[in-house]
Amino acid sequence: MSKDSNSTPDIMPVPPSNEIHPRGLLEAISYIDQNFANELGGCMIKSRFLTTKQRLEFMEVGFRSSFASGIVSAFLTPVAIGVIEQYIPMFGDPSPTFFDKFSAFLLALGFSLGYAIFMAKASTCFIGEYTRAMVLNLLGGMIFGAIVKAVVAFIAFHFLYFKIFTDKNVVWAVTKLYYTKTSQSTVYSIYNWVQGFKGIFLISAYFVLISTAVFIIIPIIAMLFAWRRNLKLIDAGVVHVDTDSI
């Protein structure tokens with residue numbers, strides 16, 4: 001063995017700066033897109049090269065982005081349903097038009113649908129073991145975050161209905177308005193409005209469950225379609241992967 005071979009290792013270590021460490025959703029999807037392009041070009045990497053730490057980072061990114069954005073959307077749901085049920089005026093109109101109701105519906109569901117479609121696109125960017133591991137961990141974190149969000153919102157809405165907006169609490173709160181010289185008719189109107197509106201919280205609780213299910217199903221369906229696409233590409237000889245990779 002020569003002197004040069006003794007001083008130089010056969011395998012050069014990968015610099016830490018070149019390792020995959022996603023810090024946000026766009027960065028995670030960029031890593032997936034880049035490696036998906038490499039796999040389509042024939043550069044296949046085993047899934048074991050995605051370390052446990054990196055898998056957890058993909059899951060963390062999916063969880064954070066899904067949970068944080070989902071909580072905001074969940075607590076906008078009572079406002080949207082309140083518009084549809086004509087408890088809250090939309091654009092200053094106490095009698096909402098179809099456009100007003102559609103706008104309220106988008107307020108409650110639009111962001112979740114857009115996010116789900118965005119994740120569905122990312123869920124199709126795999127063909128080998130390496131990108132599949134990235135997608136599965138990102139999608140797993142997203143699904144877990146969505147489920148936690150749904151449970152938190154469901155409990156919170158029921159807590160508001162059964163513990164906060166009880167008849168006793170509502171009566172106590174509206175009677176305090178008499179100290180501000182509020183007329184009796186106004187106090188009655190506020191009482192009736194609150195008693196009617198509090199039912200929105202129960203509707204919102206179940207609406208969040210339905211919207212969460214839709215949010216989860218869309219990327220999963222997209223991933224199943226990608227799976228079939230991969231099988232067709234492999235059968236056609238466009239890409240070459242190990243049997244275990246699919």
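Of the contacts in this chain between residues at least 6 apart in sequence, 81% join residues at least 24 apart, where a contact means heavy atoms within 4.5 Å. Keep in mind that this is a predicted model, in which local features need pLDDT of at least 70 and side-chain atom pairs count only at pLDDT 80 or more, while totals for chains, interfaces and linings use all residues. Residues are numbered from 1 along each chain as its sequence is written, and side-chain values use heavy atoms, with hydrogens and water left out.

Buried residues account for 37% of the 246 residues, with buried meaning under 20% relative accessible area, exposed over 50%, and partly exposed in between (1.4 Å probe, protein chains only). The accessible surface comes to about 14,200 Å², and 68% of that belongs to carbon and sulfur atoms; the areas come from the Shrake-Rupley method with a 1.4 Å probe, and for residues only the protein chains shown count as cover.

Now for the inside. The largest nonpolar core has 31 residues, and Phe 58 and Leu 138 touch the most other members. A nonpolar core here is a set of buried Ala, Val, Leu, Ile, Met, Phe, Trp, Tyr and Cys residues joined through side-chain atoms within 4.5 Å. Two or more residues of this core come from each of helix 2 (25–40), helix 3, helix 4 (98–123), helix 5 and helix 8, and helix 5 gives the largest share, nine residues. Take Leu 138: setting aside neighbours within four places in sequence, its contacts include Leu 25, Ile 32, Phe 58, Val 61 and Met 119. Apart from this core lies another one of 10 residues, among them Ala 74, Ile 81, Ala 150 and Ala 205.

Rings of Phe, Tyr and Trp (its six-membered ring) pair if their centres lie within 6.5 Å, and planes under 30 degrees apart count as stacked, over 60 as edge-to-face and the rest as tilted. Phe 63 and Phe 67 are a stacked pair, 5.7 Å centre to centre with 5° between the planes. They sit four residues apart in helix 3 (residues 52–84), so about one helical turn separates them. Phe 63 is partly exposed at 26% relative accessible area, and Phe 67 is partly exposed at 25%. Phe 154 and Tyr 206 make an edge-to-face pair, because their planes are at 90°, with the centres 5.3 Å apart. That pair links distant parts of the chain, as Phe 154 is in helix 5 (residues 129–164) and Tyr 206 in helix 8, 52 residues apart. Elsewhere, ring pairs join Phe 75, Tyr 87, Phe 157, Phe 165, Trp 193, Phe 197 and Phe 201 into a cluster.

Last stop, Asn 230 in helix 8 (residues 199–235). Asn 230 is buried, at 3% relative accessible area. Its side chain makes a polar contact with the side chain of Arg 229 at 2.8 Å; such a contact is a pair of N or O atoms within 3.5 Å, and within protein one must be able to donate a hydrogen and the other to accept it, with residues adjacent in sequence counting only if both atoms are side-chain atoms. Leaving aside neighbours within four places in sequence, Asn 230 is in contact with Phe 126 and Ile 127.
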